2 protein chains.
Amino acid sequence: MLDTVIIGAGFAGLSAARTLMNEGRGNFVVLEARDRVGGRTKAGKIGDIPVDLGGMWMAPTQTRLKSLAAHYNVQAYPTYLDGNAIFRIGTRERQGPREDPSRLLGIAGGLAYLFAKWKLERPMARLDTNQPWAHPQAKELDATTVETWIARNVYHPLARAAFRTICNSLLCAEPSQVSLLFFLHYVKSGGGLDVLISADAGGAQNLMFHGGVHQISRFMADEIGDRLHLNAPVMVIEWHDRGVTVHSEVGTFSARSAIIAISPTLMHRITFLPTLPQPKVAVHEHLFMGSSIKFWVLYKTPFWREMGLNGTILRDDTAITPVMDVSPPDQKNGLLVGFFDANRAINNADLSVEGRRAIVLEMLVEHFGPEASEPLDYVDHDWTDEVWSGGCYGAYAPPGVFTPYGQTLRATIGPLHWAGTETSPQWTGYIEGAIQSGERAAREIL
Amino acid sequence: MLDTVIIGAGFAGLSAARTLMNEGRGNFVVLEARDRVGGRTKAGKIGDIPVDLGGMWMAPTQTRLKSLAAHYNVQAYPTYLDGNAIFRIGTRERQGPREDPSRLLGIAGGLAYLFAKWKLERPMARLDTNQPWAHPQAKELDATTVETWIARNVYHPLARAAFRTICNSLLCAEPSQVSLLFFLHYVKSGGGLDVLISADAGGAQNLMFHGGVHQISRFMADEIGDRLHLNAPVMVIEWHDRGVTVHSEVGTFSARSAIIAISPTLMHRITFLPTLPQPKVAVHEHLFMGSSIKFWVLYKTPFWREMGLNGTILRDDTAITPVMDVSPPDQKNGLLVGFFDANRAINNADLSVEGRRAIVLEMLVEHFGPEASEPLDYVDHDWTDEVWSGGCYGAYAPPGVFTPYGQTLRATIGPLHWAGTETSPQWTGYIEGAIQSGERAAREIL
């Protein structure tokens with residue numbers, strides 16, 4: 001009889017396993033449905049450069065990820081920001097340093113943005129990310145979409161476009177689809193809007209890793225050794241007061257407890273016996289995964305820098321936003337990363353890779369000139385297509401879900417403990433949230 | 001090689017089959033996952049009286065259902081309405097004839113209700129239920145929850161409670177969860193709010209069937225004969241220009257076309273090869289089924305009628321609403337039907353039947369006196385528990401789904417035709433919508 005069965009070998013499950021090992025509680029197995037670890041992080045390659053097809057960035061305040069990176073000696077480097085970003089709403093194009101909304105949105109637009117941000121921060125101040133559903137205005141905030149809030153509180157079209165783009169980019173969902181309460185929770189859990197949208201020092205898009213963040217998951221997996229089973233989807237979890245019996249493709253495991261470290265939106269693939277309480281089932285059924293296609297474009301050099309540009313493109317009139325320059329500083333090559341997010345991911349998912357490449361290059365040529373039409377390589381990855389993720393970056397709540405059922409996300413049920421970035425009150429939706437959730441779930445059974 | 005494979009033997013699939021037969025195109029099979037036909041209608045019994053555990057009522061304007069009932073000689077009888085309904089918001093109780101909001105809500109509440117209804121009808125007038133996503137304000141309406149609309153447009157607490165209860169009862173969902181555009185579409189498809197909330201002449205809760213509406217599905221199934229396969233879940237549909245190959249638990253069927261007549265929320269159980277276009281997948285993934293537990297209580301007599309009551313109870317402070325008197329006129333017994341809807345269904349689904357019975361009887365005793373504590377029988381049915389329905393009565397759209405993806409609900413994809421009440425521009429969510437959708441899908445391939 002095992003102490004624990006951990007389900008899922010993303011950063012959450014691996015962190016749970018590592019925490020148990022460090023406490024001398026190594027009597028567990030980790031069951032992973034895929035043929036790889038890492039969950040929503042994934043190894044890719046463009047040219048000869050290893051890249052992250054999924055989660056990638058680290059904010060300097062993400063202490064657990066930082067500590068893991070240091071432990072495994074994976075080095076970080078910053079997103080390139082010298083020079084001007086391109087910001088276009090409709091046909092109106094501006095350039096400016098990336099972190100200054102008044103330059104990017106104009107004076108009136110910048111003021112409208114700052115005023116709206118202040119209005120967003122007022123209800124956020126009273127929100128406890130450990131229990132957003134307990135907010136004094138929880139019901140009202142949760143009955144409102146982010147789009148309704150934008151339409152009523154942002155008094156300038158450029159600033160409205162900025163907020164919509166922010167929602168698209170943070171959650172890979174449309175503002176019309178997302179609960180305002182959930183949005184406030186998500187933003188606060190990462191330290192506020194300024195942090196989440198920033199690639200500058202302190203921002204959530206500030207640092208990347210040489211060789212990719214996905215390496216860290218493989219280093220963790222190496223330590224776990226043969227306790228980790230790949231290609232091991234779990235079909236059934238029987239649970240009772242004394243423990244669990246987990247039926248998977250690679251066999252049946254009995255244990256005193258289980259840590260379930262998968263996306264809540266994948267939970268319907270596991271049959272629980274007895275069935276879970278209905279409010280718990282409801283939260284799994286009613287959260288959605290974001291939709292994202294991430295692409296990489298490799299050039300011989302970062303030639304846009306010579307034009308005074310930093311490679312960042314933020315637009316609301318194309319399928320693609322944002323684009324950023326993430327060229328590794330030890331390489332001569334220029335490397336851009338970008339995203340088809342939310343509805344634009346769904347609407348371009350049926351294209352061939354060549355079709356999406358053409359869309360991307362057309363936009364890059366528009367801003368960077370004909371040199372952009374001949375990259376060394378183009379790679380993309382559609383996360384809505386990954387059966388065992390079901391989307392990226394994380395799950396979001398439509399209106400009317402978090403208030404009635406949110407508290408079931410993380411609450412232990414008998415021998416069942418719940419991890420995954422969606423359960424984290426800190427950095428929910430990020431790798432950091434996944435790590436913290438796995439460590440917390442492990443501590444629950446220590 | 002068959003002409004058609006019909007998937008699902010609810011009213012939609014059966015109506016498609018019947019239409020094909022009537023046109024001399026009987027070369028088809030019907031594959032049904034369950035061990036019974038009828039879908040979200042289902043035979044039950046309380047005492048010796050056969051009842052409908054699911055869909056039950058008919059509006060006089062539901063021409064296709066009316067015609068089927070006449071064809072199979074199933075007789076209808078009206079909901080009992082003589083006397084007063086009980087309407088309670090908080091601790092404030094009123095009695096009045098069921099169809100008069102000014103009596104039930106008070107003068108101010110009634111006026112607020114009528115004014116709000118008028119405001120709802122204005123955008124509804126411009127909505128085409130064949131293409132609600134083409135409404136001139138579609139994006140704005142679809143970015144708004146019904147609750148946001150109520151909070152801003154209904155100027156009296158009793159009237160607000162009435163609209164919330166209406167949303168609960170029509171969609172088995174909370175107003176905070178439902179897109180306003182979808183709500184307008186749903187209401188208009190059934191002929192407007194007055195029709196949908198009414199049990200009076202012309203209303204959607206006006207008529208029931210002796211022996212139950214579910215009988216009609218069995219009569220239809222009898223005509224289809226051994227072309228109908230029960231216990232035949234479909235796992236895979238391969239599709240291409242020339243037709244389909246459908247892999248089910250009872251074998252593989254090749255045909256020129258398929259009519260898929262299941263709830264959109266169950267579509268993820270079928271693997272399509274090649275995968276469906278992503279906007280189509282998105283609509284399936286982003287619609288939710290309502291949550292409903294339907295209960296029946298049988299008494300020796302309808303004793304509440306002697307108290308001047310018609311058995312109708314509408315409240316917003318209990319788990320249960322509404323309750324109605326549906327005693328068959330050819331019986332001495334008193335028969336009440338009622339619902340745990342929306343969050344109240346989810347929050348009471350984990351109780352035992354005895355637990356729910358106690359909640360129901362406690363409320364009935366409160367209104368009808370101690371005689372209500374001793375029914376001859378109590379029966380209930382939790383539709384969230386029916387694996388092959390996934391909820392009741394129908395699917396609803398949260399915000400931001402119908403505008404971008406709604407048009408994929410009904411659109412033919414190569415050899416794949418889509419039926420089910422959710423695809424119907426008339427009486428969507430009702431049995432009538434299911435019948436019309438099946439007939440329409442059959443006509444597409446004639």
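Biologist: How many salt bridges are there between chain A and chain B?

Modeller: A salt bridge is a side-chain nitrogen of Lys or Arg within 4 Å of a carboxyl oxygen of Asp or Glu. Between chain A and chain B the count is zero. This is a predicted model: local features need pLDDT of at least 70, side-chain atom pairs count only at pLDDT 80 or more, and totals for chains, interfaces and linings use all residues. Residues are numbered from 1 along each chain as its sequence is written, chains are lettered from A and ligands numbered from 1 in the order written, and side-chain values use heavy atoms, with hydrogens and water left out.

Biologist: How many residue pairs are in polar contact across the interface of chain A and chain B?

Modeller: A polar contact is a pair of N or O atoms within 3.5 Å; within protein, one must be able to donate a hydrogen and the other to accept it, and residues adjacent in sequence count only if both atoms are side-chain atoms. The rule finds 10 residue pairs here, both residues at pLDDT 80 or more. Helices (H or I, at least four residues) and strands (E, at least two) are DSSP runs, numbered from the N terminus. Helix 10 (278-286) of chain A gives the largest share of the side that touches chain B, five residues.

Biologist: What area do chain A and chain B bury between them?

Modeller: Buried area is the accessible area (1.4 Å probe) that two parts lose on being put together, summed over both. Here it is about 2,300 Å², with 55% on carbon and sulfur atoms. A:Q278, A:F288 and A:I346 supply 22% of the area that chain A buries against chain B, more than any other three residues.

Biologist: Is A:G203 buried or exposed?

Modeller: Buried means under 20% relative accessible area, exposed over 50%, partly exposed in between (1.4 Å probe, protein chains only). A:G203 has 0%, so it is buried. It sits in the loop between helix 8 (193-197) and strand 8 (207-209) of chain A. Contact means heavy atoms within 4.5 Å. Leaving out residues up to four places away in sequence, A:G203 touches A:M58, A:A59, A:P60, A:V195 and A:S198.

Biologist: Why is helix 1 (residues 11-22) of chain B largely enclosed by the rest of the structure?

Modeller: Because 11 of its 12 residues are buried. Those buried residues pack against elements of chain B including helix 2 (63-71) and strand 12 (251-260).

Biologist: Which residue stands opposite B:I237 in strand 11 of chain B?

Modeller: Two strands pair if DSSP finds at least two bridges between them. Strand 10 (234-240) and strand 11 (243-248) of chain B pair in the antiparallel sense over six bridges. B:V246 is opposite B:I237.
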